[in-house]
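Please read them with the structure open beside you.

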Amino acid sequence: MRDLEKQLLDDFLHDERIMPRVKVEQLLLTYLGLRECSQITIPAEFPGGVEMGQRIDEHVKPHMMKLQGIKDPRGKALAINAIKSLLEKQFEEVVEESEPYKALYLWSDRLGLKSEQTKVRPTVHEVYLFKDGGSRKELRKLQKEREKLRVKTQRRPDPNLGGIQFAYPEEFNAKWIKRMGKLLGYPDCCISRYANDRVKGINVEVRAAKQLADVIKAEEKVDPHVYPIGYFYPCKTDCEKAINKGSTWHELLQKEDERLGAMYGEMINVNVIMVLRQPELINRYVSQFRRPES
Ligand SMILES: [Zn+2]
């Protein structure tokens, strides 16, 4: 390894408290300087994260049930605030005390990364990892911008907007999406397409699945490197910038350590499956890699 010592990498790869995807996409790519900044949603991207969410839900459920019986608006507002505080406290106890949480910060430190944590909802936080102070500055600006957009949306709710647009207005603001996409290292053509789709109300996941399905139905080959990161949607299935990113990362990870190359190769194939999500098409896609005799 260049400066990541072999022993350190061995320990890192054996630590089961961090998901393999997070190890490569978020921690190592940022450590190697291949991404300026990466993002982890917690506890969703922790091993056992779903169970952590369920534990919190169970704890808060009785209070939610009581809420339905409160008719007085003032009493209801107070009860909602109490539930919010309870959720935040639960996040501290269940998530921040957990082993995966400690491991994330331990490895971020060992790899010399800096971090910022933002609360998206009382029980959903985002952890951003980066090396450079400039990223912290841009993250904080984006965070302030997000707050402003949320306050504005809540002050003047637009009856034409759906629940998601109301809860996450920044996700439908082209300027905000473009700045965040740039920071996370996505190609500009793909960011533009994503932002334009979101603003027009087009479901990006459905669009991306359809693009991929059409190519596979036509029996054309898809280079999995066009999906260099999970939950990233390229502008088209043969976007050169996205393929270039995936191929470069794959090559450099392979050069660092063969295990990393193999992990990344598997990951991008899973990314294709995640975008597709239709069993019949998944079979057709996978079959192109089978040897004729099998
Ligand atoms: Zn593109």
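Predicted model: local features only at pLDDT ≥ 70, side-chain atom pairs only at ≥ 80, totals over all residues.

1. Glu88 forms a salt bridge with Lys119, their closest N and O atoms lying 2.8 Å apart. This pair links distant parts of the chain, since Glu88 belongs to helix 4 (residues 73–95) and Lys119 to strand 2, 31 residues apart. Glu88 is partly exposed at 29% relative accessibility, and Lys119 is likewise partly exposed, at 42%.

2. Strand 2 (residues 114–121) pairs with strand 3 (residues 124–130) in the antiparallel sense over seven bridges, and the two form a hairpin with two residues between them. Within this pairing, Ser115 has Leu129 in strand 3 as its bridge partner.

3. A salt bridge also joins Arg150 and Glu170, with 3.0 Å between the closest N and O atoms. Arg150 lies in helix 6 (residues 133–155) and Glu170 in the loop between helix 7 (163–167) and helix 8 (174–183), so the pair ties together parts that are 20 residues apart in sequence. Arg150 counts as buried at 11% relative accessibility, as does Glu170 at 1%.

4. The zinc ion is coordinated by the SG atoms of Cys189, Cys190, Cys235 and Cys239 at 2.3 to 2.4 Å. The arrangement is tetrahedral because the angles subtended by the four donor atoms run from 99 to 119 degrees. Along the chain, the donors follow the spacing C-C-x44-C-x3-C. Cys189 is partly exposed, with a relative accessible area of 28%, whereas Cys235 is buried at 10%.

Terms used:
Residues numbered from 1 in each chain as written. Heavy atoms only, no water. Donors = N, O, S within 2.8 Å, 3.2 Å for Na, K, Ca; no water. Tetrahedral: all angles 85-135°; square planar, octahedral: opposite > 155°, others 65-115°. Buried < 20%, exposed > 50% of the residue type's maximum accessible area, 1.4 Å probe, protein only. Pairing = 2+ DSSP bridges. Helix = DSSP H or I, 4+ residues; strand = E, 2+ residues; numbered from the N terminus. Salt bridge = Lys/Arg side-chain N within 4 Å of Asp/Glu carboxyl O.
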